[in-house]
There are 2 protein chains.
Amino acid sequence: MARRAGDSTRVRRQPDRAHYDRGTIDAVLDAVLLAHVAFVEDGQPIAIPMLQARVGDRVLIHGSTASRAMRLLGAGAPACVTVTALDGLVLARSAFEHSANYRSVLLLGRFREITGEMERRNAFEALTNKLVAGRWDEVRRPSPKEMKASTILAMSIENASAKVRTGPPSDDAGPDAEFDTWAGELPIVSGFGAPIAAPGLKSGIPLSRSIRLLYEPKERT
Amino acid sequence: MARRAGDSTRVRRQPDRAHYDRGTIDAVLDAVLLAHVAFVEDGQPIAIPMLQARVGDRVLIHGSTASRAMRLLGAGAPACVTVTALDGLVLARSAFEHSANYRSVLLLGRFREITGEMERRNAFEALTNKLVAGRWDEVRRPSPKEMKASTILAMSIENASAKVRTGPPSDDAGPDAEFDTWAGELPIVSGFGAPIAAPGLKSGIPLSRSIRLLYEPKERT
């Protein structure tokens, strides 16, 4: 259960879609690579896309030491991490009831910079493996110079909520159900297309194990 | 060319990825359904996922009249609309050079509520057709009561920038290219899974034309 500081992440609209349990929250964070990280600069809210990785009770992001956003976030500015998966289009009989199925997490708080050498290394590993599980073991590790150029920030998962919509359009039982138009859900599915080798890839190098595993069918029939 | 008010949307990190032309900006806005809309409430930045539709020089969002976010945004609070497509994972030989291919638009400004009856109807049509082109003509139009329950907001595309990364990892020409691990891009592809009819769908109703067109192959060979 994510502890909620005050009411700030209580879901007010469509509270039936709200979840505050860590199981739901963590599952969304783990399933989605992309976060939109929002902060305020001179009164202007700014949300930027970043990759995120959850490790235990924290969400990690990383970026260049030279980045204005990373400096501001690293200084402890109030921040919001929003992670959203769009799962489908919900097509109703009425324009009004058209909707989307989605999973999203809203996480409020402040980032803290990770500074310990070993902790930074572990965070780098988690962020690399979030892209492709096991990738860290196949690549050249960051040099001291590269580590110095990287800022890694963490936000505790304390003030968080999830919002999830699934299922058919909500006009399924009302008078609109008599309307003669198709209604239902169009699931949005995503996956990886065929790998594109870098033009400079040395000849004779096959896909590494972590990548091959990505393309293996998840379920065998 | 999007006029830039001051420097607020000038891309400072990786300026070689920046685009300010309306062609690039509009293409991203049109290709992506989901926006993350950020605003500030009591000093706390909040970014929430919303569907967006571009019409001409404006981006439209809609929501419930009762929504706190819609009220705040409709009152002209400083806002940020970020629209991102994650196109692929960029796998380098070094952990440090791992990245993502993406297209994103950052749009700053203030929303204004659309209040004229015809303009609201047109906006509703655009938002419905953003989900599925042509859907508006197949569904029951909003009733006066439904229109009254809906707030539609618009932000002018004046202060906007796009950021785009494409192509192979950037260690392709350096000394890391000698490292014996596969490097390249894993494209992320998405599409629609098989339609799921609403449980209450009247029997004998086929997929409507707008939906069938979605599933038709885009290119014929």
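**How many bridges join E6(A) to E7(A), and do they run parallel or antiparallel?** The strands E6(A) and E7(A) are joined by 12 bridges and run antiparallel.

## Basis of the model

This is a predicted model: local features need pLDDT of at least 70, side-chain atom pairs count only at pLDDT 80 or more, and totals for chains, interfaces and linings use all residues. Residues are numbered from 1 along each chain as its sequence is written, while chains are lettered from A and ligands numbered from 1 in the order in which they are written.

Helices (H or I, at least four residues) and strands (E, at least two) are DSSP runs, numbered from the N terminus. Two strands pair if DSSP finds at least two bridges between them.

## Chain A overall

Chain A has five helices and 12 strands. Its C-alpha trace spans about 65 × 50 × 30 Å along the principal axes. Of its 221 residues, 42% count as buried. A residue is buried if 20 or more other C-beta atoms lie within 10 Å of its own, exposed if 12 or fewer, and partly exposed in between; the C-beta atoms are placed from the backbone.

Take the contacts with a separation of 6 or more: residues 24 or more positions apart account for 73% of them. Two residues are in contact if their C-beta atoms, placed from the backbone, lie within 7 Å.

## Strand E7 of chain A

Nine of the 12 residues of E7(A) are buried, so this strand is largely enclosed by the rest of the structure. Strand E7(A) covers residues 99-110.

Strands of a sheet pair through backbone hydrogen bonds, either parallel or antiparallel.

Helix H1(A) covers residues 22-31, and A:Ile25, A:Val28 and A:Leu29 are buried in it. They cover an arc of only 100 degrees around the axis, which puts them on the same side of H1(A). The arc is that of the directions from the helix axis to the C-beta atoms. The exposed residues A:Gly23 and A:Ala31 sit on the face of H1(A) turned away from its buried side. The cover over the buried residues of H1(A) includes E4, E5, E6, E7 and E10 of chain A.

H3(A) has 15 residues. From first C-alpha to last, H3(A) reaches 22 Å, close to the 21 Å expected at 1.5 Å a residue. The expected span is 1.5 Å times one less than the number of residues. Buried in H3(A) are A:Ala123, A:Phe124, A:Leu127, A:Thr128, A:Lys130 and A:Leu131. Seen down the axis, these residues fall within an arc of 155 degrees, so they line one face of the helix. They pack against E3, E4, E5 and E9 of chain A, together with strand E6 of chain B.

## Where the chains meet

The contact takes 83 residues from chain A and 83 residues from chain B. On the side of chain A that touches chain B, E11(A) gives the most, with nine residues. That side divides into 50 nonpolar, 19 polar and 14 charged residues. Here Ala, Val, Leu, Ile, Met, Phe, Trp, Tyr, Cys and Pro count as nonpolar, Asp, Glu, Lys and Arg as charged, and the others, Gly among them, as polar.

Strand pairing also crosses between the chains. Two bridges join E12(A) to E11(B), and these strands run antiparallel. One partner pair is A:Ile196 with B:Glu185.

Chain B holds an open sheet of four strands in the order E4-E5-E9-E8, with antiparallel pairing. Its edge strands are E4(B) and E8(B), each pairing on one side only. Three bridges join E4(B) to E5(B), and B:Arg54 has B:Val59 as its bridge partner. Helix H3(B) lies across E4, E5 and E9 of chain B, at about 130 degrees to E4(B). Axes are lines fitted to C-alpha atoms, for helices over the stretch in contact, and angles run from 0 to 180 degrees between N-to-C directions.

B:Lys163 is found in strand E10 of chain B. B:Lys163 is buried, with 22 other C-beta atoms within 10 Å. Not counting residues up to four places away in sequence, B:Lys163 touches B:Val11, B:Arg17, B:Ala18 and B:Ser104. B:Lys163 and B:Ser104 are 59 residues apart in sequence and 5.3 Å apart in space, C-alpha to C-alpha.
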